[in-house]
Amino acid sequence: MVTALTIAGSDCSGGAGIQADLKTMTAHKVYGMSAITALTAQNTTGVSGILEVPPEFLAQQLDSIFTDIPPQAVKIGMVSSAELIRVIGEKLEQYHASHIVLDPVMVATSGARLIKEDAVEALCRYLIPLAEVITPNIPEAEVLWGHSIGDAGEMEQAAAAIGEKWNCGVLCKGGHRVQDADDLLWRQGQSRWFHGHRINNPNTHGTGCTLSSAIASNLALGMPLEEAVERAKAYLSGALAAMLDLGKGSGPMDHTFAIPVGGWDK
């Protein structure tokens, strides 16, 4: 059985965080495991509370997973404190984790900063150098590059600069600001655009979590990075196109859109 691990926060409403990651892994027929960095009280209208786990307890979770069922890929989502980031980096190095996909959740698409400056510094020091690929949105890529991004050419410059600095692959997500649904993958000096089409669905809660965990699932299944990204984007498009409509705000996607009622045929 192919295995994968998500290290992220819990979304009690099920649309993002570890819940979205585990649903995505299951949809890819990958055995998903989780190390929880924080509990959140949230729904489709917003977050009302966050309770971080102690660093020692996060370390215990990671020890429990790696010493019993080692994951074949690791997805890292939002981690809001420098100490938790340091623990993750140390444990991933200790256990020689492979196929690490980092969603560097730092800045919302609105431009709002989501984690403190020392946590950004820790992310750059402990986690980005370990990643096979990182998946920043435009505001996050701007933080990592140090310059604003306004067009496709600047996306290419940013991805190359980030990848060369930290020796990792970079999937720069165009989103609503640049090239709409087109994303750029930079890896080892080569760039490739993945073109998508805008799906008119306001329910986009958890898209970043879903994309990064789909990439990790595909890497665990043995796909090369370009194929892993291509298939992950197709999965995300399918989950959005299913047009699930739950909640009073920006709702979740249908992660199980391809699973027939009653489950897969044996």
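Tutor: Two strands pair if DSSP finds at least two bridges between them; strands (E, at least two residues) and helices (H or I, at least four) are DSSP runs, numbered from the N terminus. This is a predicted model, where local features need pLDDT of at least 70, side-chain atom pairs count only at pLDDT 80 or more, and totals for chains, interfaces and linings use all residues. Residues are numbered from 1 along each chain as its sequence is written, and side-chain values use heavy atoms, without hydrogens and water.

Student: In S3, which residue is the bridge partner of Ala38?

Tutor: Strand S2 (residues 31-43) pairs with S3 in the antiparallel sense over six bridges, and a hairpin of two residues joins S2 to S3. Within S3, the bridge partner of Ala38 is Glu52.

Student: Which are the edge strands, each pairing on one side only?

Tutor: The nine strands form an open sheet with mixed pairing, in the order S3-S2-S1-S4-S5-S6-S7-S8-S9. The two that pair on one side only, and hence the edge strands, are S3 and S9 (190-194).

Student: What is the count of buried residues among the seven residues of strand S3?

Tutor: Buried means under 20% relative accessible area, exposed over 50%, and partly exposed in between (1.4 Å probe, protein chains only). Strand S3 (residues 46-52) is hardly covered, and the count of buried residues among its seven is zero.

Student: How many residues apart in sequence are the parts that Asp21 and Lys75 tie together?

Tutor: Asp21 and Lys75 are both buried. Their side chains meet in a salt bridge (a side-chain nitrogen of Lys or Arg within 4 Å of a carboxyl oxygen of Asp or Glu), with N to O at 3.0 Å. Because Asp21 lies in helix H1 (residues 17-27) and Lys75 in strand S4, the parts that the pair ties together are apart in sequence by 54 residues.

Student: At 14% relative accessibility, does Lys91 count as buried or exposed?

Tutor: The side chains of Lys91 and Asp63 meet in a salt bridge at 2.9 Å, N to O. Asp63 lies in helix H2 (residues 55-66) and Lys91 in helix H3, so the pair ties together parts 28 residues apart in sequence. Asp63 is partly exposed, with a relative accessible area of 23%, whereas Lys91, at 14%, counts as buried.

Student: In which helix does Glu226 lie?

Tutor: Glu226 forms a salt bridge with Arg192, the closest N and O atoms being 2.9 Å apart. The pair ties together parts 34 residues apart in sequence, because Arg192 lies in strand S9 and Glu226 in helix H8.
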